[in-house]
Amino acid sequence: MDASTRTRSSSKKPKYSRFTQQELPAWKPILTPKWVITSFVTIAILFTPAGLLCLWASEHVVEIVDRYDDECLPGTFSANPESYIQSKNTNKTCVRTLKVPRKMIAPIFIYYQLDNFYQNHRRYVKSRSDKQLRDPDDADETDDCKPIDHTIGDAPIVPCGLVAWSLFNDTYKFFKGNKVIDIDKKGIAWESDKKYKFGSDVYPKNFQKGALIGGGELDESKPLSEQEDLIVWMKNSALPTFRKLYGKINTDLEANETITVVIQNNYNTYVFGGEKKVALSTANWIGGKNDFFGITFLTVGGVCFLVAINFIVLYVLKPRPLGDPTHLSWNRNQGAQ
Ligand SMILES: *[C@@H]1O[C@H](CO)[C@@H](O)[C@H](O)[C@H]1NC(C)=O
Ligand SMILES: *[C@@H]1O[C@H](CO)[C@@H](O)[C@H](O)[C@H]1NC(C)=O
């Protein structure tokens, strides 16, 4: 019995390996003052110019933003905007003039911006059927789409769900004097979405036919993969203020030029206190106008620089021999007693 216990216990001994015994080669840096100061200075030297470069690039993006939901509401309806937006008989056309602050070089991107619109609400996000969007044989896969899943006659709605139903339906036309500025609406959605998520043989059916109209309609002769406005809309935004691409202008706009936007103010943001804006923006390597990276990099660079200065001052004014044991807390306490 003794012998068997011994063999069993000895078999439990872990197999020797350098990994389990933590004997792998390791980097064991000694954080000497010079080493620490050099690292902080290096980080400061790398991040400060990067931050300035990002701010400079962001500053060179030309942007025009115009809020129109309030201005496009006729005064007689200001107390009751919902009756204005829901009526079929009110005139929704609205003309705005914008001034180009600096020369804008093509391509100029047109966005619509919504504020206070929670596309990230859980019930909204889930109310869609990706299977149905992809495959014409899955038109009946509407289980996740409540409450916009079937017509009163029990025919499936394609595309079903709240996300598709609430499609943005304001339209913009741009004029320079009397001349129309062409808007290029091709290629505003992600290629991968068009290819893999929205079927080229799935056509809209029974869409926006219910009692309550949520938003835009779709052309039933075009497959979903070509309905780029829908694809852009259905890429849910994570934050309640968001911009989505409406189209592109492929001609330059000169400084001080006045352009006219003719808006069809259809979309009902009045019911939830939202805002609507139209934005024109150029882009460069940093994307649109965005100071976030610039400010972040400058903050990191600045903090590292201050810390480095602090350490240099301490190092010069109160140098200590490296590894002096008298500074250990227990030794220090003894010294005090
Ligand atoms: C646009 O959407 C609103 C809801 O936001 C709807 O009431 C209106 O009928 C729609 N208009 C058009 C022209 O599609
Ligand atoms: C635009 O207008 C400003 C002031 O009105 C003027 O200083 C500037 O030279 C103009 N720029 C162009 C390109 O006309």
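Predicted model: local features only at pLDDT ≥ 70, side-chain atom pairs only at ≥ 80, totals over all residues.

Residues are numbered from 1 along each chain as its sequence is written, chains are lettered from A and ligands numbered from 1 in the order in which they are written, and side-chain values use heavy atoms, with hydrogens and water left out.

Rings of Phe, Tyr and Trp (its six-membered ring) pair if their centres lie within 6.5 Å; planes under 30 degrees apart are stacked, over 60 edge-to-face, and the rest tilted. By this rule there are 20 aromatic pairs. In one of them, Phe117 and Phe242, the ring centres are 5.9 Å apart and the planes stand at 85 degrees, so this pair is edge-to-face. Phe117 lies in the loop between strand S3 (108–115) and helix H4 (122–126), and Phe242 in strand S6 (residues 242–249), 125 residues apart. Helices (H or I, at least four residues) and strands (E, at least two) are DSSP runs, numbered from the N terminus. Both Phe117 and Phe242 are buried, meaning under 20% relative accessible area, against over 50% for exposed and in between for partly exposed (1.4 Å probe, protein chains only).

Phe168 and Trp233 are stacked, with 6.5 Å centre to centre and 25 degrees between planes. These two are also buried. One aromatic cluster includes Phe117, Phe242, Phe168 and Trp233.

Finally, a charge sits over a ring if NZ of Lys or CZ of Arg is within 6 Å of the ring centre and within 35 degrees of the ring normal. Lys185 lies over the face of Tyr246, 3.5 Å from the ring centre.
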